[in-house]
Amino acid sequence: MFDQERVKADEPVNSNLLQTDPQQGLTTQEVESRIHQFGENRLPENDAGVWRKLAGFFWGPIPWMIEIAAILSAIVQHWSDFAIILIMLFLNVGVGFWQEYKAGSAIAALRQRLAPQARVCRDGKWCDIQAAGLVPGDIVRLKLGDIIPADVRLLHGDYLRVDQSALTGESLALDKKVGDVAYSGSIARQGQMDAIVTATGMATYIGKTARLVQTAGKASHFQRAVLRIGNFLILMTIGLIALIMTVAVYRGDPITETLLFALILAVAAIPVALPTVLSVTMAVGAEKLAKMKAIVSRLVAIEEMAGMDILCSDKTGTLTQNRLTVGEPVLIGNASRDDILRMAALASEVDSHDPIDGAIYASLGGADLISDYNVVSFRQFDPVRKRAEATIVRDEMTFQVAKGAPQAVLSLLVDGEIGDLSSLIEYAPMMAAIDEMARRGYRSLAVARTDQTGRWQFMGLLPLFDPPREDAAATIAELQAKGVDIRMITGDHEAIGREIARQLGLGQNILPANDVFDQYDRLRDPQAMEKADGFARVFPQHKYAIVHELQGRGHIVGMTGDGVNDAPALKQADIGIAVSNATDAARAAADLVLTAPGISVITSAIEESRRIFGRMNSYATFRISETIRVLLFMTISILVFDFYPVTAIMIVLLALLNDFPIMMIAYDNADVAPQPIRWNMVNTLTMACVLGGIGVVSSFGVLWIADVWLHLPPDEVQVLVFLKLLVAGHLTIYLTRHKGFFWQKPYPSWKLFVATEITQVIGTMAAVYGWLVPPIGWYQALIVWGYALGWFVVAGCIKVWAYRLLTHDHPRQAWHLARVEGWLHRRRID
């Protein structure tokens, strides 16, 4: 018996608990006690519920901006504004909720990897139970096709070949012997052995991976940018309105009318549509990516992908096909390629689950090519002898064939005494070929057969490897041309990683995990990790740590993967990408799920994400400049000239007419940046201030024309200013679309152009014919249009000049400056 005191699930099991009688197993009383101590063999559920998740989207700085605007609208009893703002709030919540519905499903997918059934010995009898009922110390039987139900240590049996590629990333199945450990969630491909359970639930390898997924997470650069823009606009609005109120009180203006005007101005100035427009822009982009066979599960990942400068890529199943393949044979003597493949196939099983046997038959072209050979006896591969043998009869001639590890097959040639074969001239080519394959990371399979005298003859070597995806090399080259640095991460040996890297055009500085991390998984040398081209022999916690460290060093990091072992890193990365053949756990943790074979769609996704980013940056610049233009102009007019340039109803009309064209920004044409781009608030705010300042100056010009030239009464002056603010504001949308002159490509999309011009026409008709405002007639309206178009040309030239100053005429230098700014900002947040 053992101490009944309850222990934590992730504590190591006391060795005394594992002294179970293999013939009797645990008793029912021992099982009940250990269930109480260690809990069930399952991953804990932590589902907050749909309603609670939905409520969370109404809480936070971004929803607060919209909710404050709604409250202000209700206070001043502007119910039409109140309804529009509520629609924006629910639209923003709905887009976010539905697009991120699967955000918490990674743990559920990992839970499904646990085997539902297990064969266990209890009270001296073998029985099948739910895997959730296993406890440390249980004796279980593992056979071909079983999903291993818990972490176990093998006790006895012939051998067990285990496929744990989805857990560790190792491309080849591993041969396990007595005393070895097998992980929960891996699959038994060959053999049968009994084992003792050493860990269950969250204490298993897959459980620790689940814990990493739970703790993984990142702050979105998009959310930070929206908050910074929103805070800037709100603080500026509050400051200027406070100044207006103070002066109004000092002058003795009617406090009720002043307060009403200030509240309406606040409602119009607060960026209610900011998060909604940006979310809709990303949602429209997500639809386009879906047509490219890339499903977006987290909207803000689109913006992250535009700035991604490092892509950490899992090797097995992502850069490679996760399919064992036979390479070009190394032939010895008179053997031909067909001869060695036939003999290797005769020493294999056509219906075997062994991937090596499957690769041999695939390379041969099918079992029909050896149908005239009769297999008299067959001895399967086992990890002790390390070879498979068969006795064959054909045309009344009997011979033997063997395939397996080179040393094991060569021992047949020298009667079991291998010695130093490299010193013998006749074996020198074989040993040189074996050494070369090992250096390149290939797994070599030796093949031999007996001649008419019964003497073994060495036929040659079959290199086995997991080949790169057909589109991997071209995709990597395109990504590098777009400024994205590729880092390979693999659970395989570094020699295999270097060979794949060579074939794909990647660097050869592949570091093993123990050179990067110490025994406690702490980083040894951050500089070495930064300079590495890839990492080998890594575990899930290493992948997670690599991504996290690169993020801490100012990079926007992407991660591609397909296995359970990739899930923590996929969730931690700024943009996690699950390839088409990924496990459910990897897909659930990812932000972008590829549904078509290959990874070439990643380059298309990056191009589209950079277009989307351009649209979002265009809108942000426009929205800030408009707020500056309207608020600053009104504040100066009230303070200096004691004149309200527009009425409250005109402010509401401006806000409504502005909403239609800005929604169409999501469908606008945009340039594809040649390098990674990210939010550069210095440039965005500077350009917005420049355009907003131009708008203030030109608006005062309208006041001067109306007073000195046209001699209009105050109410018509207000209409003239309203029309100018509307027309010039809509024209500003065209200025913020890109950094060039307005007549240069890319031209506005037809949706943006039509929406912009229709709202301008509606506003013009309202001013001309007096819809809700005093009429001014066509003459004065045309003067405003001509005046606005003239300033539009001037502002466009100033904009180009300002961008050139900001970027120093060097786009690459600007990108580096933005990257440095992002790094400094991240350090301040941390």
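## How the helices cross

A crossing of two helices is left-handed if the near helix is turned anticlockwise from the far one by less than a right angle, and right-handed if clockwise. The structure above is a predicted model, in which local features need pLDDT of at least 70 and side-chain atom pairs count only at pLDDT 80 or more, while totals for chains, interfaces and linings use all residues. Residues are numbered from 1 along each chain as its sequence is written, and side-chain values use heavy atoms, with hydrogens and water left out.

Let's start with helix 25 (residues 648–663) and helix 27 (residues 714–735), whose axes come within 11 Å and cross at roughly 20°. Helices here are DSSP runs of H or I with at least four residues, strands are runs of E with at least two, and both are numbered from the N terminus. Axes are lines fitted to C-alpha atoms, for helices over the stretch in contact, and the angles run from 0 to 180 degrees between N-to-C directions. Helix 25 and helix 27 are therefore roughly parallel to each other (under 35 degrees; over 145 is roughly antiparallel, 65 to 115 roughly perpendicular and the rest oblique). Their crossing is right-handed. Helix 25 also packs against helix 28 (750–769), with the axes 7 Å apart and an angle of about 165°. That makes helix 25 roughly antiparallel to helix 28, and the crossing of this pair is right-handed.

## Rings that pair up

Now look for the aromatic side chains. Rings of Phe, Tyr and Trp (its six-membered ring) pair if their centres lie within 6.5 Å; planes under 30 degrees apart are stacked, over 60 edge-to-face, and the rest tilted. The count comes to eleven aromatic pairs. One of them joins Phe 641 and Phe 700, whose ring centres are 5.8 Å apart and whose planes meet at 50°, so this pair is tilted. Phe 641 lies in helix 24 (residues 601–641) and Phe 700 in helix 26 (residues 681–709), so the contact ties together parts that are 59 residues apart in sequence. Phe 641 is exposed, at a relative accessible area of 53% (exposed is over 50%, buried under 20%, partly exposed in between, with a 1.4 Å probe and protein chains only).

Another pair is formed by Phe 741 and Trp 743: the centres are 4.7 Å apart and the planes are at 5°, so the rings are stacked. Trp 743 sits in the loop between helix 27 and helix 28, and is partly exposed at 47% relative accessibility. Ring pairs link Phe 741, Phe 742, Trp 743 and Phe 792 into a cluster. The C-alpha atom of Trp 743 is 9.7 Å from that of Gly 796, although 53 residues separate the two along the chain.

## Charges over rings

Rings can also meet a charged side chain here: Arg 449 lies over the face of Phe 399, 4.1 Å from the ring centre. A charge sits over a ring if NZ of Lys or CZ of Arg is within 6 Å of the ring centre and within 35 degrees of the ring normal. The charged end of Lys 751 takes up such a place over the ring of Tyr 667, at 4.2 Å from its centre.

## Salt bridges

Side chains of opposite charge can pair when their charged atoms come close. Counting a side-chain nitrogen of Lys or Arg within 4 Å of a carboxyl oxygen of Asp or Glu as a salt bridge, the total is 25. Among them is the bridge between Lys 543 and Asp 314, with the closest N and O atoms 3.1 Å apart. Lys 543 belongs to helix 21 (residues 540–552) and Asp 314 to strand 9 (residues 310–314), so this bridge ties together parts that are 229 residues apart in sequence. Lys 543 is buried at 0% relative accessibility, and Asp 314 is buried at 1%.

Other bridges lie within one helix. Asp 339 and Arg 342 meet at 2.8 Å, N to O, and sit three residues apart in helix 13 (residues 337–346), about one helical turn. Asp 339 is partly exposed at 26%, as is Arg 342 at 22%. In helix 24, Glu 626 and Arg 629 are likewise three residues apart, about one turn, and their closest N and O atoms are 2.6 Å apart. Here Glu 626 is buried at 6% and Arg 629 is buried at 3%. Finally, bridges that share partners join Asp 314, Lys 543 and Asp 566 into one network.
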